[in-house]
Amino acid sequence: MTTKTGVANAGNLIMTGVLLMLLGDLLFALNDAMGKWLVASFAVGQVLVIRSIGAFIVLGPMILRQGPMALFRVEQKGLQFIRVFMATCDVALFYAAVAYLPLADVMTFYMAGPIYIAALSHFFLGEKIGWRRWLAVLIGFAGVVIALRPSMAMLSLPSLFGLAGSLAFALSLVMSRYLRSTSDTTLVTWQTIAALVTGIVLSVGHWQSATLIDWSGMLLLGIVASCAHLLITRSLKLAPASLLAPLQYTLLLWAIVLGYLFFNDIPDAQIIIGAAIIVVAGLFIFHRKNLKETVPVEAVPPDGH
């Protein structure tokens with residue numbers, strides 16, 4: 001009876017983890033759609049500033065519970081700075097891209113994050129990957145090229161913003177693997193502070209007056225993003241990353257749905273084909289990692305917009 005109860009409890013925890021991951025993905029998709037709506041009318045810097053303030057509504061109690069001085073007791077400060085820099089570039093470039101491109105297009109670039117991570121981990125973390133995963137990495141890159149559209153449009157600034165942002169995201173997660181002993185509260189707090197400072201710099205000369213609804217939307221943006229991050233962090237403690245990671249691809253589905261509902265955006269054939277190739281390649285990489293029992297938590301796709 002005890003064994004059956006233990007198995008049932010484990011199953012319940014895993015199911016809870018799955019549900020939290022799906023809810024977190026939905027919140028992140030809403031966050032991305034809200035961000036696209038806001039940067040259409042306001043400068044990226046202004047959105048970053050108010051978004052960061054909104055995030056501290058959630059982070060404040062967590063910082064007090066942990067103790068403010070714990071924020072300064074961090075390992076490898078140089079790597080901490082690199083991670084914060086990359087995470088800030090990720091957020092800023094994402095908003096810069098969605099200001100001009102459909103949400104599904106930008107999210108397609110970000111869905112390639114696990115593919116970049118697999119390649120970067122081989123060179124920077126010394127994690128060996130076999131020829132099958134290297135083939136999947138190359139196929140995934142081919143999907144990115146197709147999504148970018150093999151023409152002069154590949155050189156458009158918005159597309160490059162999306163591509164650079166997804167690379168910054170992957171690099172920030174590689175750095176997170178080095179810094180996994182640092183608490184989530186500390187990592188997210190410094191990331192939020194950096195976004196706040198960057199927003200202040202970028203908003204100089206571009207600050208605009210806004211309505212109460214606009215200010216509330218920017219604050220809500222930070223609250224939603226923080227809640228989504230916390231939900232996904234909790235889900236990874238309740239269920240295996242190898243089970244949860246593929247669920248992150250629901251972000252692409254939500255991006256298509258929300259993009260159509262709120263912005264009347266319909267992905268073209270090249271985006272759909274490129275996205276399908278990226279998803280298949282990413283799922284294969286997760287599958288091979290699972291077989292090798294080396295799936296890292298950091299291999300989960302976008303969780304920090």
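1. A residue counts as buried when its relative accessible area is under 20%. Y110, with a relative accessible area of 0%, is therefore buried. Please keep in mind while reading that this is a predicted model.

2. Staying with Y110, have a look at its ring partner. Y110 forms an aromatic pair with F169, with 6.3 Å from centre to centre and 50° between the planes, and the pair is tilted. Y110 belongs to helix α4 (residues 103–110) and F169 to helix α7 (residues 157–178), so this pair links distant parts of the chain, 59 residues apart. F169 is buried too, because its relative accessibility is 2%.

3. F94, Y95, Y110 and F169 are linked by ring pairs into a cluster. In the structure as a whole there are 5 aromatic pairs.

4. Another of these pairs is formed by F72 and W190: the ring centres are 5.6 Å apart and the planes stand at 80°, so this pair is edge-to-face. F72 sits in the loop between α2 (44–66) and α3, while W190 is in helix α8 (residues 184–203), so the pair ties together parts 118 residues apart in sequence. Is W190 buried, partly exposed or exposed? With a relative accessible area of 27%, W190 is partly exposed.

5. Which side chain does R83 join through a polar contact of 3.0 Å? The partner is the side chain of Q191. Beyond its neighbours within four places in sequence, R83 is in contact with S172, M175, S176, L179, L187 and Q191.

6. Finally, a charge and a ring come together at K36 and F263. The charged end of K36 sits over the ring of F263, at 5.2 Å from the ring's centre.

How values were computed: Residues numbered from 1 in each chain as written. Predicted model: local features only at pLDDT ≥ 70, side-chain atom pairs only at ≥ 80, totals over all residues. Heavy atoms only, no water. Polar contact = N/O pair within 3.5 Å; in protein donor to acceptor, adjacent residues only side chain to side chain. Contact = heavy atoms within 4.5 Å. Phe/Tyr/Trp six-rings, centres within 6.5 Å; stacked < 30°, edge-to-face > 60°. Helix = DSSP H or I, 4+ residues; strand = E, 2+ residues; numbered from the N terminus. Buried < 20%, exposed > 50% of the residue type's maximum accessible area, 1.4 Å probe, protein only. Lys NZ or Arg CZ within 6 Å of the ring centre and 35° of its normal.
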